[in-house]
Amino acid sequence: MKPPTAEPHTPLPGRKGRPPRLRGTGLLRVRALIPALAGILIASAVALPAAARPEPVRPHPVLPAAARQAPASDNGRSLRPAMGWSSWSFVRRTPTEAKIEAQADALVSSGLKDHGFVYVNLDDFWQKCDDNGFVVDSYGRWSVDPAKFPGGIKALADRVHSKGLKFGFYVTPGIARNAVSRNTPIEGTPYHAKDIADTSKTEKNYNCKNMYAIDYDKPGAQEFVNSWARQFASWGVDYLKIDGVGSADIPDVEAWDEALRASGRPIAFALSNNLPIADAPTWRRLANSWRTQGDMECYCGPGSNGSGYPLTDWSHVSKRFDSAAAWQPYAGPGGWNDLDSLEIGNGDRVGLTADQRRSHFTLWAMAAAPLLLGTDLTQLDSVDRAMLTNDRLTGVDQDGVAARRIVDSGAKEVWSKKESDGQYVVALFNTAASGSATVSVNWSQVGFSGSGDVSDLWSGVHKGVIAGSYSATLRPGETRLVRVRPVGSATAAKAAAASPGFAVAPYEYLGWGDPQKPASVMSATGVRWFTLAFVLSDGGCNPKWDGSRPLTGGSDQSTINAIRAAGGDVVVSVGGWSGDKLGEKCSSASALAGAYQKVIDAYRLKAFDVDIENTEWSDATVRQRVVDALRTVKANNPGLKTVITFGTTSGGPDSTGVDMIRRAANSGLANDVWCIMPFDFGGGATDMGSLTTQAMEGLKARVKSAYGYSDATAYAHTGLSSMNGRTDDSGERVRLADFRTMLAYARQHHIGRLTYWAVNRDRACGPGADGDSCSGVSQQPYDYLKVFTQYTG
């Protein structure tokens, strides 16, 4: 199929004069896909405890497979475990504006914010009490204690937000006795507190107590919770912990889930504490995190109610190993097993040695648990700061994979998880309180055979290739955490093929440009993955190749079958510069998600690229539609990797690009890779390698800011899709040396995507060849691709 006539070479509005890609005599440009990266971010929330409560340790049953496969909440929050700080452990019963703001300031000044710790969560004891329980407002909701928070909660949340942080809050189920006694109205309804209260039952509360149950069969009950959720949303709450939850409170959890969704603000939803594992599928469906045991605090300090140092002890950490193992099947994007506070920050005085604190952090990271600090960050210990700013550790937590316990022999434990790039993370523990122990694991127990290339994640030291098994002699309470890349086995070969395949996956356009046979490209370069372009609208909300060829049964499917038969796989790209775009032709996000799903189902895709350009890009309504559709698609296709590809300036995304990233972050879309097209800068630019890395730094900064990622996580969510040889801009050339600069940058920062447009063009031009089928510079076949295939993620 010959491409349509090229469009005029005019600046695209909103792109700061960046010229469009051309189809036909010009050089079409679009892009591509992603890797499955380890480590990524943030999102939403967890909660902490309240007053001292008992913490029994019980053996947990192993549930049937059907229960373990329960779907996660689809509210779009907590796509990665929350990271931040919570007031309970250290501040405890005496929170004030000044104390909370001081901890927020410390998150920023210490650099912890830059490493992903972004939540500032105000726990219990913010309320005002009298002899009958909670003082309530005119609609029966708890009143803020003005002595502690004279400016109110909204003012505090605004100050937290002004620092680039997120604000968390606290509530428990039920309705206050004072609301029932006064029979306060329920906002916006004809109902009152007495209409919904079940005064024969009380709810657990750790502060003012005196909470009655709510009868959700009564009119006005859901509306009461809705009014509370709207109030919290108006205050700027980003995360809500509901405490004192048990099986009897499932109606309350359902009501709060519904209320938060309707509040008009994205709010992560955390449950606490010591929830029964028998209801794990329910917690996973309704909430973003759930406390698997009682409090981390030992309540053994010298202050009132056991406050003060020490905050905890080793027994409170070691008890988490069994529960983390039992709850492991339920963790995943959108819902996390909350092991409670991370008591790191104040050195030995928290009640743990340095070895024990490292083991504490390692278990939480391996479990992909929320990382909510409970310590005094205004007195941050230098040893602990080094622990908390170790991005290798937070990356293990943020990879979104909960590890399995594979060795359980008394005090000797080994945990393992396989990350999306085919590598394994393995943790060895000696959980004993005294006595050293040698802990060992065979690679076959981990999940592969042969040898493993080992790096220590705490120290960053490369240990080299180790055959068969791995051992470490550990002091009491000590851990060893390693990343292992399988080598010298069929497993290793498979892993090696998968990772660079996702990361590189060059574009190939099958409809024109004299496309090469993918099997020949694979044989010549070692590449295994391709990004195939483009799926467009057939004039309505129906996807077809180039808007005309069917998804299945034609030459496009035959090509995909041939790639897979040769041991490869594909990413399919929708969009591009020309033609009718699905984002515009589908009238709603749900319809667009349905069109995307047709493409995914047709080829059982593991990765999906939206190349958003031209009129689809310039329309804010369509951009939001794309974001919302992708959120639905990711929720319905666990493990699917998504890439959003778009144009850029040499300094990074322009205002439209910034808006797109912010829309996605605010909507809860955990996009895997934000991929820019760093070319067509204008003026016949020649140092395209440097300009590309400059643009990538701008992209990284925007992604980091929008999502609250650490630097390492932000880089992992960025990518570039260059153009080999002559670009659409007269005089601009991307040379092999520029590709080598890009490769070095990718290796330095472990970006998520390193690709280009296009395989069709990766050869010198011959007589009669046009720019869609050759590079326009002197080269040998596949010179550009051979540079990028050296990248392994």
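Start by selecting C765 and C774: the link between these two cysteines is right-handed, with 90° about the S-S bond. Their sulfur atoms lie 1.9 Å apart, and a disulfide here is a pair of cysteine sulfur atoms within 2.5 Å. Show the surface as well: C765 is partly exposed at 40% relative accessibility, whereas C774 is buried at 1%. (Buried means under 20% relative accessible area, exposed over 50% and partly exposed in between, with a 1.4 Å probe and protein chains only.)

A word about what you have open: this is a predicted model, in which local features need pLDDT of at least 70 and side-chain atom pairs count only at pLDDT 80 or more, while totals for chains, interfaces and linings use all residues. Residues are numbered from 1 along each chain as its sequence is written, and side-chain values use heavy atoms, leaving out hydrogens and water.

How many disulfides does the rule give? The count is 4. Number the bonded cysteines in sequence order and the pairing reads 1-2, 3-4, 5-6, 7-8.

Next, select C129 and C208, a disulfide with its sulfur atoms 1.5 Å apart. This pair links distant parts of the chain, 79 residues apart: C129 is in strand β3 (residues 129-130), and C208 is in the loop between β7 (197-202) and β8 (211-214). (Strands are DSSP runs of E with at least two residues, helices are runs of H or I with at least four, and both are numbered from the N terminus.) Turn the view to the S-S bond, where -50° makes the link left-handed. C129 is partly exposed at 34%, but C208 is buried at 9%.

Now move to C298 and C300, whose sulfur atoms are 2.0 Å apart. This link is left-handed too, with -65° about the S-S bond.

Time for a sheet. Select the 8 strands in the order β12-β11-β10-β9-β5-β2-β1-β13, which form an open sheet with parallel pairing. Two strands pair if DSSP finds at least two bridges between them. Which strands stand at the edges? They are β12 (336-338) and β13 (371-373), each with a single partner strand, so one side of each has no neighbour in the sheet. From one strand to the next, the twist averages 25°.

Zoom in on β9 (residues 239-242) and β10 (residues 268-271), which run parallel and are joined by 4 bridges. In one of these, Y239 has A268 of β10 as its bridge partner. Contact means heavy atoms within 4.5 Å.

For the last stop, select helix α21 (residues 620-636). Its buried residues include V622, R623, L630 and K634. Among the elements covering them are α19 (589-603), β27 (641-647) and α22 (655-667). Finish at the N-terminal end of α21, capped by D619: a side-chain oxygen of D619 lies 2.9 Å from the backbone nitrogen of T621.

Notes
Axes are lines fitted to C-alpha atoms, for helices over the stretch in contact, and angles run from 0 to 180 degrees between N-to-C directions. The expected span of a helix is 1.5 Å times one less than its number of residues. A polar contact is a pair of N or O atoms within 3.5 Å; within protein, one must be able to donate a hydrogen and the other to accept it, and residues adjacent in sequence count only if both atoms are side-chain atoms.
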